[in-house]
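Please read them with the coordinates open beside you.

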Amino acid sequence: MICQWVRLYMSELEDGRLEGWKARSARRHLTRCAGCAADYEKVRIASRRLEALREVGEVPDAREELRARLASASASPRLPARRRPGHWLTALFTVPGAILAVMALLVVTQSPASALQRTLNALRRRTVHASGSLVHYQWSPRDGSVTPYPRTADYWFEAPSRFRSRIVSVQVRRLDEGPRVEDVFVDGDRGLLRADFGGTDVLVTRVDARRMQERLSPLSLFRDGPLTRAASGRESEARLSIVRRQSRLLRRISLDNVRGTKRTHWDLYVDLFQDRLVGYEVMQTRLAGGRWVKDRELSLQAFDYDRPLPAELFAIPDPPRR
Amino acid sequence: MHPLDPAEFDRIYSEYWPCVYRFCTYLSRNRDDAQDMAQEVFVAAFRHLSELRDPQAARTWLLRVAVRTLKRQTVAPTEALEEDDMPHDPWPAEEDRLFVRQALNTLSEEQRQAIIVVKLEGLSCREASRVLDAAEGLIRWRVFQGLKKLHGLLAAPEVPEGGAV
């Protein structure tokens, strides 16, 4: 019983907030009970490690943005769903009109909702490798300039639960700006992040596999991921159109989302004949200094489907000795 | 008080914004989200300022508003879409911070919040119980269990049990 009681108060004892008879009793018990003493040491070490999170850096000035938001408190921050009743007609008059007309007829004979759902369903594949670029933009509050930090991005997915990503910085970066190479491995319920900052400076840490699969991969399209679910529930807001890219006719699915000071726009390009995703573009902008500035941009253009992927690709590596 | 009385706004901003921002920085799983979260919380708090009865307990009240606001956000219909906006950006300001943050994020939400409120925000367990709507003893237990688990995560070999595939 006393062990249970002491454990409850260990944190307060550690940070000096436990006083009087409670503190004396707890300390006395720790000198006699090896189990509680060991637990107390764990609490003490973990508390020290938490100190690393205390340095949150400079608090950004959000005075003007907050004032604006409060002033328009009654206005909805979300973008209304864009509806384009004349959209398909517009497509008919573009070149090559005849082919587009046929394709558009194929699409408009079904409701936008079912077309979207059908497309999303068809996108699920056994394996896929997608590659492209991921650019982070750094906005300077001093002069409003935006500096791009481009990286190459590769994603591999193997149904049902293997995932791997590799993000490589294109240019040499300062150490505190992030790793030069960042690998994420997910195999079932196991996940690992390996961040290489250059030289022997490598960080390897376990990660939550489920969250990685659902949140980190644009390939969640190939699973019952959040984007698929969300998109399926937002047919009225998804805008379907047909575009021509490199002599191919593609169905474009566009979605917008606005939350707070962040705005995200997706364009998904699907091969009309094969129901395959062939382009995935996401642009995220954020409100900074009273205007929308680029924040992050992901563009995947190369997709390779249903080819056997080497097992080594998903093999979770041994960690370096620390 | 008119909600947009400039002088009043400035006073409230100066007094509360740093606190709200810091708290959201601790709570957010992605540091890019911290400022957005902080703004949501600040706007919510500003709207409910009239409910603050005891100015001495302003900080506790504010953190309570923050937890409630963020709880509401997680069930908002657009949240799932938001979560999948982009691949995760785990760039750390420095290595140790990322490592500790990753470990903290693997705790249960209850343990994580209890640790943030008590150990990082420095509230007493009694104050934390008001912020998190849980009994004081439960807060103590969550902090203890969370810290113990955190220690295990930070000290354990970094590959999941079973080693390499």
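1. A residue is called buried here if 20 or more other C-beta atoms lie within 10 Å of its own, exposed if 12 or fewer do, and partly exposed in between, with C-beta atoms placed from the backbone. Ala288(A) counts as buried because 20 other C-beta atoms lie within 10 Å. This residue belongs to strand β10 of chain A, residues 276-288, where helices (H or I, at least four residues) and strands (E, at least two) are DSSP runs numbered from the N terminus.

2. On conventions, this is a predicted model, in which local features need pLDDT of at least 70 and side-chain atom pairs count only at pLDDT 80 or more, while totals for chains, interfaces and linings use all residues. Residues are numbered from 1 along each chain as its sequence is written, and chains are lettered from A and ligands numbered from 1 in the order in which they are written.

3. Once residues up to four places away in sequence are set aside, Ala288(A) touches Trp139(A) and Val293(A), a contact being a pair of C-beta atoms, placed from the backbone, within 7 Å.

4. In chain A, strands β1 (residues 127-139) and β2 (residues 146-158) run antiparallel and are joined by 13 bridges; strands are said to pair if DSSP finds at least two bridges between them. Within this pairing, Ser133(A) has Thr152(A) of β2(A) as its bridge partner. The two strands form a hairpin with 6 residues between them, and Gly144(A) in the turn has a positive phi of about 75°.

5. β2(A) also pairs with strand β3 of chain A (residues 162-169), again in the antiparallel sense, over 8 bridges. Here Glu158(A) stands opposite Arg162(A) in β3(A), and the hairpin formed by β2(A) and β3(A) has 3 residues between its strands.

6. Chain B has 8 helices and 0 strands, and its pattern along the sequence reads α-α-α-α-α-α-α-α. Of its 165 residues, 43% are buried. Among the contacts in chain B with a separation of 6 or more, 59% are between residues 24 or more positions apart.

7. How do the axes of α7(B) and α8(B) cross, and at roughly what angle? Helix α7 of chain B (residues 125-132) and α8(B) cross at roughly 100°, with axes that come within 8 Å; axes are lines fitted to C-alpha atoms, for helices over the stretch in contact, and angles run from 0 to 180 degrees between N-to-C directions. α7(B) is therefore roughly perpendicular to α8(B), given that 65 to 115 degrees counts as roughly perpendicular, under 35 as roughly parallel, over 145 as roughly antiparallel and the rest as oblique. Residues making the contact include Cys125(B) and Leu132(B) of α7(B) and Ile139(B) of α8(B).

8. Between the chains, helix α3 of chain A (residues 34-50) packs against helix α8 of chain B (residues 136-155) at an angle of about 75°, their axes 8 Å apart. Among the residues that meet are Val43(A) and Ala46(A) in α3(A), and Phe144(B) and Leu147(B) in α8(B).

Definitions and conventions:
Two residues are in contact if their C-beta atoms, placed from the backbone, lie within 7 Å.
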